[in-house]
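Morning, everyone. I'll take you through one structure, starting with the overall picture and then stopping at two spots. Here it is.

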Amino acid sequence: MFRFGPFSLDTRTRQLLRDGQEVSLSPKAFQLLLLLVENRSRAMSRNELQQQLWPSTFVLDTNLAGLIAEVRRVLQDTADAPAFVRTMHRFGYRFIGDVQAVAESRVSGEPVTKYWLVWETKQVPLSEGENILGRGVDASVWIDAPGVSRHHARIVVREDTATLEDLGSKNGTYVGGHRVMIPHRLTDGDRVRLGSVVIVFRIPQTPGPTETAP
């Protein structure tokens with residue numbers, strides 16, 4: 001967790017808090033703010049931020065500028081007199097707030113299961129709550145591929161369950177070859193198809209003891 005001013009950035013729950021109360025922030029804007037905070041010792045170029053936020057895909061500078069504007073709005077910051085996010089002219093941005101890193105300890109009895117989506121060479125963790133899958137730049141899990149709708153489907157994570165729902169996509173959402181018409185509870189290894197893209201839902205298992213090498 002990172003604290004700055006009246007704000008706390010909880011990397012475990014992926015929440016931005018102000019005086020302990022959650023502040024609404026889109027998943028991409030949260031990711032951008034976290035990148036700036038984690039790299040606060042230096043300025044980050046627009047190109048680097050775009051590569052981190054939208055890997056292997058060309059996006060317009062206006063997409064990044066829109067996220068910066070959202071971050072500033074929720075932080076009640078301004079470009080002219082910044083307290084947190086400073087624009088580096090013709091280069092990028094830098095987080096300039098005084099940050100305190102706080103160790104996050106897991107509460108006894110808290111679920112430790114994490115859920116992941118895997119496709120090609122990418123692995124994306126799923127957050128507690130609603131995770132939107134789609135081609136829109138505001139999607140939690142951004143999939144830029146033909147046949148994928150802007151908001152194609154969503155996976156809702158609640159404690160020890162993950163439920164998949166189609167969001168009225170043009171080409172449908174399928175699990176194991178069956179079209180998802182009603183909310184579908186996911187299990188480890190489920191193959192989910194969005195248009196032409198196939199992703200795998202994974203629940204990492206607790207590793208056993210390390211074997212002795214021969």
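Predicted model: local features only at pLDDT ≥ 70, side-chain atom pairs only at ≥ 80, totals over all residues.

Now the whole chain. The protein has 214 residues, and 42% of them count as buried. Next, take the contacts with a separation of 6 or more. Residues 24 or more positions apart account for 43% of those.

First stop: two helices. H1 covers residues 27–38, and H2 covers residues 46–53. Their axes come within 11 Å and cross at roughly 130°. H1 and H2 are therefore oblique to each other. The crossing is right-handed.

Which residues of H1 and H2 meet? From H1, we have Lys28, Gln31, Leu32, Leu35 and Leu36. From H2, we have Leu49, Gln52 and Leu53. By type, the residues of this contact are 5 nonpolar, 2 polar and 1 charged.

Second stop: serine 149. Where does it sit? Serine 149 lies in the loop between strand E12, residues 141–142, and strand E13, residues 153–158.

Is serine 149 buried or exposed? Its relative accessible area is 16%. The cut-off for buried is under 20%, so serine 149 is buried.

What does serine 149 touch? Leaving out residues up to four places away in sequence, the list is Gly134, Arg135, Ser169 and Lys170. With lysine 170 there is a further detail: the serine 149 side chain reaches the backbone nitrogen of lysine 170 at 3.3 Å.

That's my tour. Thanks.

How values were computed: Residues numbered from 1 in each chain as written. Heavy atoms only, no water. Axes fitted to C-alpha atoms, helices over the stretch in contact; angles between N-to-C directions. Helix = DSSP H or I, 4+ residues; strand = E, 2+ residues; numbered from the N terminus. Parallel < 35°, antiparallel > 145°, perpendicular 65-115°, else oblique. Left-handed = near helix turned anticlockwise from the far one by under 90°. Contact = heavy atoms within 4.5 Å. Nonpolar A, V, L, I, M, F, W, Y, C, P; charged D, E, K, R; others polar. Buried < 20%, exposed > 50% of the residue type's maximum accessible area, 1.4 Å probe, protein only. Polar contact = N/O pair within 3.5 Å; in protein donor to acceptor, adjacent residues only side chain to side chain.
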